[in-house]
Amino acid sequence: MNRNFTAFCAATFACALILAFCGAIWTGSPSFSLADTNEKEIKTVYLTFDDGPSDRVTPKILDVLKEENVKATFFIIGNQAETRKYILKREAAEGHTIGVHSYSHRYKEIYASCDSLIKDIDKCNEVIKSVTGKYSKIYRFPGGSFGLSEKFISAVTEHGLRYIDWNASTRDAEIYDAAPEQLLHAAVTTAASTDNIVLLAHDSTTKTATAEALRAIIRHFKAEGYEFSRF
Ligand SMILES: [Zn+2]
């Protein structure tokens, strides 16, 4: 009995020593801790495409999104969508979000007054509803909300819409005749300071480079540990 008890104590002590030793190694390693695996930091990219749909570019973008299994948000122009409802149908059917950008995209008319702004939004939203069966609740100001009069911003939010700006850009609206590599570079560098990225891109008819750059942009952020989401 005594011998057994002594053996038990020795075994317990040995186990304690081993555990303490392992614990010292465990906590002593700065490159790995339980927090790294259990409290995963979520980094998110919201891909947003303005000024579509277009026959030439939007289907190519949708193909890449499908192949990469990524969902995105399309802020559409109503007067372009009237004759391209098949593209809106595809966007909705493939799990993307459709938001209001404008019906006419003519700044002078849209920003002439709060009334004309809301009329433009509603007209665009009618096109969305005719395809998806419901009005969109999200909006992107043509040109963004940056520097806009507070009255326009209040008019939109009081109308029940959430407006979405961006904090990173492919700069596909600014770089003339861009190469896809330039758009990738712009997306990566403008997004550098944030873990919650809203990336601006365009799917209008001249933006073929955007469609060509998209796969590399997605793969870059996937490799950096980002997840993709839509509004
Ligand atoms: Zn626009």
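**Figure 1. Burial and make-up of the chain.** Of the 231 residues in the chain, 33% count as buried, that is, with 20 or more other C-beta atoms within 10 Å of their own, whereas 12 or fewer makes a residue exposed and values in between make it partly exposed, C-beta atoms being placed from the backbone. The model is predicted: local features need pLDDT of at least 70 and side-chain atom pairs pLDDT 80 or more, while totals for chains, interfaces and linings use all residues. Residue numbers start from 1 along each chain as its sequence is written. The chain holds 10 helices and eight strands, taken as DSSP runs numbered from the N terminus (helices H or I, at least four residues; strands E, at least two).

**Figure 2. The largest nonpolar core.** Such a core is a set of buried Ala, Val, Leu, Ile, Met, Phe, Trp, Tyr and Cys residues joined through C-beta atoms within 7 Å. Among its 48 residues, L47, I76, A187 and L199 touch the most other members. Helix α10 supplies the largest share of this core, seven residues.

**Figure 3. Helices α9 and α10.** The axes of α9 (residues 180–190) and α10 (residues 208–223) come within 8 Å and cross at roughly 45 degrees; axes are lines fitted to C-alpha atoms, for helices over the stretch in contact, with angles from 0 to 180 degrees between N-to-C directions. Helix α9 is therefore oblique to α10, since angles under 35 degrees count as roughly parallel, over 145 as roughly antiparallel, 65 to 115 as roughly perpendicular and the rest as oblique. P180, L183, L184, A187 and V188 of α9 meet residues of α10 including A209, A213 and I217, where contact means C-beta atoms, placed from the backbone, within 7 Å.

**Figure 4. Helices α3 and α10.** The axes of α3 (residues 58–67) and α10 come within 9 Å and cross at roughly 10 degrees. The two helices are therefore roughly parallel to each other. K60, I61 and V64 of α3 make the contact with A211, L214 and R215 of α10.

**Figure 5. The cis peptide bond at P53.** G52 and P53 are joined by a cis peptide bond, with omega about 5 degrees. P53 is found in the loop between β1 (43–52) and α3.

Figure 6. R171, in the loop between β6 (168–169) and α9, has a phi near 60 degrees, a positive value in a residue other than glycine. With 17 C-beta neighbours inside 10 Å, R171 counts as partly exposed. D177 lies in the loop between β6 and α9, and its phi is near 55 degrees. D177 counts as exposed because it has 7 C-beta neighbours inside 10 Å.

Technical notes. Two residues are in contact if their C-beta atoms, placed from the backbone, lie within 7 Å.
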